[in-house]
Amino acid sequence: MFAPFMVNAWVVASIVAVVAGVVGFFTLLRGNSFAAHAIPNGSFAGAAGATLVGVNPLIGLGVFSTGSAAAIGWLSRRGRRDVATALMLTFMLGLGSLFLSVAPYAGLVYSLLFGEVLGISSNQVIPTLALAALCLLAAGAMYRPLLLSTVLPDAGRARGVSTTLMEFLFLGLLALATTMTVPVVGTLLIFSLTIGPPAAARAFADRPPRAILLSVILALVTVWIAIAAAYWTNYPIGFFVGSISAFSYVVGRLWTSRDLRLAARHW
Amino acid sequence: MTGSAAVFAPGFFSSGPVHTALALGGVVAIVCGTVGVFTVIRGQAFAGEALSDIGAAGGSASFLAGVAPIWGFLAASLGAAAAMEMIGVQRARGRDLATGIVLGGSLGLAALFLYLDSTLQTGTGTTVTVLFGSLFTLNSSLIPAVVTLSLIAAGLVCVLQRPLMLSSLNPDLAAVRGIPVRWLGVAYLAALAVAVALAALTIGAILGTALVVGPAATALRLTRRPGLAMLAAAGLGLLAVCLGVVLAYDSYLWPPRGHGWPVSFFVVTLVFLFYLFFGSSGPKRIRQREQGSR
Amino acid sequence: MSPTRPEPVTAAAPTPTPVLSVRDLDIRLGGRQVLSDVSFEIGAGQFTGLIGANGAGKTTLMRVILGLQSPTRGTVRLSGTGQDSPAPKRSVGYVPQKFLLDPDIPLRARDLVALGLDGHRIGLPLPSRSRRERVDQMLSAVGAEGFADKRVGRLSGGEQQRVLIAHALVSQPRLLLLDEPLANLDIGSVREIVALISGLARQQQVAVLISAHEVNPLLAVMDQVVYIAAGRAASGPTDQVIRSEVLSRLYGQHVDVLHVHGRVLVVAGSGDSEPPGEDITVTHTHGTP
C-alpha cells in the first residue's frame with residue numbers, strides 16, 4: 001500500500017484533504033453548500049474540453065471553475081439564483097458530456113466524475129502543492145473579514161468590510177480549491193469532502209481555530225481510510241469518501257442534538 | 001435538396017429509434033413540465049436534484065441486478081421521497097446541508113455500482129447511460145410503462161392543482177380550509193419522484209433536473225396561473241425534446257462524422273436557452289410590479 | 001402638568017462639532033419618497049431616540065447614515081471629516097435589527113466580540129494579551145461573562161443583544177447605531193438593555209442613535225428625539241417634540257399626546273372638529289397604576 005507508485009496518491013490526497021477541510025469550514029459557515037456543489041459541476045466541462053483540445057485538464061478546470069464562480073456570484077446578486085444557476089450548471093454538465101463523447105478517451109467520464117486518485121502521476125504533485133499553498137494563504141488572509149462579513153454582514157459593512165467583495169473572494173477561493181481537488185475526488189464527490197468533515201467538526205468545536213483544525217483532521221482521516229479501502233477492495237475511492245462523509249455528518253448531528261438536549265435541561 | 005431534407009437528415013422519419021425517442025421523450029417532457037411547475041412554486045428544486053442523484057444510485061444498481069434501469073430509477077427516487085417525507089423536508093435550516101450529504105452518499109454508491117458493473121460486463125458505457133442518458137437506445141417496449149407512469153404523475157398534479165397551489169403558497173390558510181396539507185405534500189413528492197425517475201431515464205440522472213425545473217421556471221416567468229403554466233411548461237419541454245432529437249440525429253453528419261452529439265446535451269442546452277430567452281423579460285416585470293405596489 | 005420625566009439632567013452640553021450631523025436629507029427607496037428634509041445633530045455622549053412606526057423609515061435612515069445607501073439630497077457628516085460621506089467606517093458601531101445566528105456556528109460570544117476589534121484586518125490573528133483583556137472588559141461591561149464561552153447561535157435573544165452591543169462598542173467607536181434593539185425583548189430586559197446602553201454611552205462618550213417604535217422605554221435616558229412620521233421628521237429635546245401640536249403638524253392630522261404617570265401616549269384624534277394641539281395630562285386613575 002505504501003509502494004512507490006502509491007506515494008503520489010497519499011501525498012496529493014492529503015494535500016487535497018487539507019484544502020477541503022479549510023475551505024469547507026468557510027463554505028459551511030456561509031451556508032454556501034450550493035456553490036460548493038455547483039462550481040465543480042461547472043468545472044467538469046472545463047476539464048472535458050481541455051482534454052479534448054489536448055491541454056492540461058487543470059487549466060480547463062481552473063478557467064471553468066472561476067467562470068462558474070463568477071456567474072454564481074453575479075446571478076445571486078440579481079436575486080433568484082436557484083433556477084438560473086441550476087440550469088447553467090446542467091448546461092455545463094451537458095457540455096462536458098458532449099466534449100467527452102467526442103473525445104476518444106473512454107474512461108475519462110468516470111474519472112472526472114468520481115476521481116482517480118490511484119492514477120495520480122508524480123508531475124501533478126508540484127502543481128497541486130502550489131495551488132494548495134495559494135489557497136491556504138488566501139484563506140488565511142481573508143480569515144477575519146470573511147468571518148465578520150458572514151456572521152454579521154451589516155455590522156461588518158458598517159466597519160468597512162464589503163459583503164460583495166467578500167462573496168467574490170470566497171467564491172474565488174472555492175474555485176481555486178475545486179481546481180486542485182477535482183482530479184483526486186472527482187466533480188461529483190468533491191462536495192462530500194468539502195462539507196462532511198466540517199459539518200462533523202462543528203459539532204465538537206465551538207471556536208473557529210479548533211473547528212478548522214478538526215475539519216482538516218477529519219478530512220485527512222476520511223481520505224486516508226478511503227485510499228486504503230480503495231487499494232484493498234479496488235472499489236472506487238469516491239464511494240468511500242461519500243460514505244465516510246455521510247457517516248461523519250450523521251455522527252456530528254447526533255452529538256449536536258445531544259448537546260442541545262443537555263443544554264435545554266440546564267435552563 | 002428539398003427544404004425538409006436540409007433540416008431533417010435523411011432517414012429521420014423512418015428511423016425506429018427516432019420514433020421511440022420522440023414518443024418517450026415527448027411524454028416524459030410533458031410530465032416533467034407539469035410536475036415541475038409546482039416544484040418551482042414550492043421552491044423545492046433542491047429536492048428534485050436530490051431525488052435525481054439518488055436515482056443515479058438506483059439506476060446503476062439496476063444494471064447489476066439485471067433489471068431495466070427504469071425500475072431502478074423509480075425505486076430509488078420513490079424510496080428517497082418517502083425518506084424525505086419522514087425526515088421532514090420542510091425544515092429549512094440545515095436542509096441544504098442534509099441534502100448535500102445525502103447526495104454525496106448516494107453518488108458514492110452510484111460510483112460503486114458503476115464500477116462493479118464495469119467489472120462484470122464488458123460495456124463501458126453504463127456510466128454515461130445512467131448519468132447522461134441515452135434516449136436513442138431505449139427500447140420501445142418501455143413505452144406502455146412510461147405512458148402509464150406519466151399519466152399517473154401528471155394526472156395527480158392536474159387534478160390536485162388548486163388545493164396544491166393554495167397549500168404551496170399558504171399552508172396555514174390551506175389547513176384552515178380543511179385541505180390535508182401533509183397528504184398533498186406526500187402526493188406531490190411521489191409525483192415528483194416519478195417525474196424525476198423518468199427524466200433520469202431519458203436524459204440522465206444528473207441532467208434530469210433541467211427537464212423538470214427548466215421549462216417550468218420559464219413558464220412561470222410568462223404566467224402566474226398554474227393551469228396555464230403547466231401547459232406552457234409541458235409545451236416548452238416537448239419542444240426542447242423534439243428539437244433535441246432532431247438535432248442529435250442530424251449531428252451524425254456533423255464533425256466528427258458518424259459519431260453524433262448526445263441528445264441530452266441538446267435538450268439541456270435548449271431548455272437553458274428557452275429560460276434565458278423568455279426569462280429576460282421576467283425580472284423587469286417583477287421589478288416593475290414591486291415598484292408599482294409601493 | 002406633571003413632568004414627562006424627572007427634572008432634566010442637562011443634556012450633555014452640545015459639543016462644538018457634533019459627532020453626527022444630518023442635514024436636509026431626502027431619501028427615496030424603490031421609487032417612493034421615504035423621508036424628506038431630515039436634519040439633526042448628535043454630540044458625544046448624547047443619547048438620541050429615533051422614534052417612528054414600523055415602515056416609517058427608521059432602518060432606511062440608519063442605512064443612509066451608515067453609508068449603505070445614498071440619499072437623493074442632503075448630507076451626512078461624521079465629525080473629523082470635511083466630506084459629504086460618512087467618515088472612516090471604523091468609527092461607527094452598528095447593532096442591526098435582524099441577525100440570523102445559526103445555532104451550529106462554531107463561534108463563541110467571546111469570538112464575536114473579538115471580531116469587533118479586529119474583524120476588518122487581513123491575515124491570521126496573533127494571540128494578544130491586550131486584545132483579550134479588552135474583550136474581557138467589554139464582556140463584563142455588558143454582563144456577558146456568564147455566557148461568553150457559549151456559541152452565539154445558542155444564546156437567548158437578550159443575551160445575543162448584549163453580545164452584539166459589546167461587539168459594536170469594543171472598538172470604541174464615536175457613533176453607535178442600534179436598529180430596534182428593544183423590539184423582541186420582554187419588559188424586564190428592555191429596562192436592563194436601555195440602562196446598559198446609556199451607561200456605556202456616557203462612559204465612553206459615544207454618540208448614540210437608537211431606533212424604536214415606542215418612545216416610553218427611552219424617555220428616561222433620551223437627551224433628544226428624532227420623531228419620524230408621514231415621511232418627515234421633527235427633532236429636538238423630547239418635551240419639545242413629543243407634543244400634540246408638533247406631532248399633529250407632522251402627521252398632517254389631529255394627534256393627541258397624553259401624559260400618564262410619567263409615560264407618554266400618542267393617540268390619533270377621533271374627529272375633525274377638535275381643537276388642535278393641547279397636551280392632555282392624566283394625574284390620577286382609578287385602580288392600580
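This is a predicted model: local features need pLDDT of at least 70, side-chain atom pairs count only at pLDDT 80 or more; totals for chains, interfaces and linings use all residues.
Chain C contains 7 helices and 12 strands. Of its 289 residues, 42% are buried.

One part of chain C is an open sheet of 3 strands, arranged in the order β2-β1-β4 with antiparallel pairing. Strands β2 (32–42) and β4 (73–78) of chain C form its edges, each pairing on one side only. On average, neighbouring strands of this sheet are turned by 25 degrees against each other, with direction ignored. Strand β1(C), residues 20–29, is joined to β4(C) by 5 bridges, and the two run antiparallel. Within this pair, R23(C) stands opposite T75(C) of β4(C). A helix accompanies these strands: α1(C), residues 58–66, lies across β1, β2 and β4 of chain C and runs at about 120 degrees to β1(C).

A parallel arrangement is found elsewhere in the chain. Strand β5(C), residues 92–95, and strand β6(C), residues 175–178, run parallel and are joined by 4 bridges. The bridge partner of G93(C) in β6(C) is L176(C). In a regular strand, side chains alternate between the two faces of the sheet. In β5(C), V92(C) and Y94(C) lie on one side, while G93(C) and V95(C) lie on the other. These four residues are all buried, and both faces of β5(C) are therefore covered, a residue being counted as buried when 20 or more other C-beta atoms lie within 10 Å of its own.

Further along chain C, strands β8(C) (residues 224–229) and β9(C) (residues 232–236) pair in the antiparallel sense over 5 bridges. In this pair, V226(C) stands opposite S235(C) of β9(C). The two strands form a hairpin with 2 residues between them, and A230(C) in the turn has a positive phi of about 50 degrees.

The domain assignment of chain C gives domain 1 (20–242) and domain 2 (243–289). Their contact takes 11 residues from domain 1 of chain C and 9 residues from domain 2 of chain C. On the side of domain 1 that touches domain 2, β8, β9 and α6 (238–241) of chain C each supply at least two residues. By class, that side of domain 1 of chain C has 8 nonpolar, 2 polar and 1 charged residues.

The largest nonpolar core of the model has 282 residues. Those with the most contacts inside it are V16(A), L174(A), V35(B), L192(B), A195(B) and V271(B). This core draws at least three residues from each of domain 1 and domain 2 of chain C. Leaving aside residues up to four places away in sequence, V16(A) touches M180(A), T181(A), V184(A), V185(A) and V223(A).

Finally, 42 residues of chain A are in contact with 39 residues of chain B. On the side of chain A that touches chain B, α2 (33–53), α4 (82–102), α5 (108–114), α10 (190–204) and α12 (237–266) of chain A each supply at least two residues. The largest share of that side, 14 residues, comes from α4(A). By class, the residues of the side of chain A that touches chain B divide into 26 nonpolar, 14 polar and 2 charged.

Technical notes. Residues are numbered from 1 along each chain as its sequence is written. Chains are lettered from A and ligands numbered from 1 in the order in which they are written. A residue is buried if 20 or more other C-beta atoms lie within 10 Å of its own, exposed if 12 or fewer, and partly exposed in between; C-beta atoms are placed from the backbone. Two strands pair if DSSP finds at least two bridges between them. Axes are lines fitted to C-alpha atoms, for helices over the stretch in contact, and angles run from 0 to 180 degrees between N-to-C directions. Two residues are in contact if their C-beta atoms, placed from the backbone, lie within 7 Å. A nonpolar core is a set of buried Ala, Val, Leu, Ile, Met, Phe, Trp, Tyr and Cys residues joined through C-beta atoms within 7 Å. Domain bounds come from an automatic or database domain assignment. Ala, Val, Leu, Ile, Met, Phe, Trp, Tyr, Cys and Pro count as nonpolar, Asp, Glu, Lys and Arg as charged, and the others, Gly among them, as polar.
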